[in-house]
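Student: I would like to walk through this model with you, one question at a time. Shall we begin with a term we will need along the way?

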Amino acid sequence: MAKSRFVVLRRKDIIRTGIFIIIGIALLITLIWAISPRGSNDAHGPMGSFVPGTYTSYIILHNRPVTVSVTVSEDEILDIAISEMEETVEVFYPLIRPTMANLSHQVLTNQSTVVEAPLETLHTSRILLDAINAALHQASTENSEI
């Protein structure tokens, strides 16, 4: 004959266990969210799909146009460069080429325009990133379907 057993649960233990379960689930969801690829095509996150080609964007520095070109394939950024810039602009903005080289390397490595800009070139980096984002916006498949 089976003996009956009584299990005594204290409310404090039940609440504590429930809190640990909720924290565990929250950590698991955060971990999954952090490592999962995101297919958004916003200007700051991971890039989406593109219409292959080279796209240009222009910025004005010292009343002169500077052309930023971005070359993309269907699903990745292949090259970012300053394609046209007058010599006088480079005299007034000597950090533009090294900053572009740094940003280009980071964007190509991460395939995202979310990059870390050094404090000493923060303003130049923002200007160049805006131009890169404008060219990527042109390359976006969402724009070509409109």
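This is a predicted model: local features need pLDDT of at least 70, side-chain atom pairs count only at pLDDT 80 or more; totals for chains, interfaces and linings use all residues.

Student: Thanks! With a relative accessible area of 28%, is Asp-13 buried, exposed or partly exposed?

Tutor: Buried means under 20% and exposed means over 50%. Asp-13 has a relative accessible area of 28%, so this residue is partly exposed.

Student: Let's step back to the whole chain. Which pattern do the helices and strands follow along the sequence?

Tutor: The secondary structure of the protein chain comes to five helices and three strands. Buried residues make up 29% of its 146 residues. Read along the sequence, the pattern is α-β-β-β-α-α-α-α.

Student: How are Asp-13 and Arg-16 separated in terms of helical turns?

Tutor: Both residues belong to helix α1. They are three residues apart there, so the separation is about one helical turn.

Student: How far apart in sequence are the parts that the pair Glu-86 and Arg-64 ties together?

Tutor: The side chains of Glu-86 and Arg-64 meet in a salt bridge of 3.0 Å, N to O. Glu-86 lies in the loop between β3 (77-84) and α2 (87-92), and Arg-64 in strand β2 (residues 64-72). Glu-86 is partly exposed at 37% relative accessibility, and Arg-64 is partly exposed with a relative accessible area of 35%. The pair therefore ties together parts whose separation in sequence is 22 residues.

Student: And how many salt bridges are there in the count?

Tutor: The rule asks for a side-chain nitrogen of Lys or Arg within 4 Å of a carboxyl oxygen of Asp or Glu. Glu-86 with Arg-64, at 3.0 Å, is one of the pairs. By this rule the number of salt bridges comes to four.

Student: How do helices α3 and α4 pack: parallel, antiparallel, perpendicular or oblique?

Tutor: Helix α3 (residues 96-110) and helix α4 (residues 122-139) pack at an angle of about 55 degrees, with their axes 10 Å apart. Angles under 35 degrees count as roughly parallel, over 145 as roughly antiparallel, and 65 to 115 as roughly perpendicular, with the rest being oblique. That makes the relation of α3 to α4 oblique.

Student: Is the crossing of α3 and α4 left-handed or right-handed?

Tutor: These are the two helices that pack with their axes 10 Å apart. The crossing of α3 and α4 is right-handed.

Student: Which loop holds Gln-111?

Tutor: Gln-111 has a positive phi of about 55 degrees although it is not a glycine. Its place is in the loop between α3 and α4.

Student: And what is the phi of His-62?

Tutor: His-62 lies in the loop between β1 (53-61) and β2. At 39% relative accessibility, His-62 counts as partly exposed. His-62 is not a glycine, yet its phi is positive, at about 55 degrees.

Student: How far apart in space are Ile-80 and Ala-135?

Tutor: Ile-80 is found in strand β3. At 4% relative accessibility, Ile-80 counts as buried. Ile-80 and Ala-135 are 55 residues apart in sequence, while the C-alpha to C-alpha distance in space is 9.8 Å.

Student: One more pair: how far apart in space are Ala-101 and Ile-82?

Tutor: Ala-101 sits in helix α3 and is partly exposed, with a relative accessible area of 48%. Ala-101 and Ile-82 are 19 residues apart in sequence, and from C-alpha to C-alpha the distance is 9.2 Å.

Key. Residues are numbered from 1 along each chain as its sequence is written. Side-chain values use heavy atoms; hydrogens and water are left out. Axes are lines fitted to C-alpha atoms, for helices over the stretch in contact, and angles run from 0 to 180 degrees between N-to-C directions. Helices (H or I, at least four residues) and strands (E, at least two) are DSSP runs, numbered from the N terminus. A crossing is left-handed if the near helix is turned anticlockwise from the far one by less than a right angle, and right-handed if clockwise. Buried means under 20% relative accessible area, exposed over 50%, partly exposed in between (1.4 Å probe, protein chains only).
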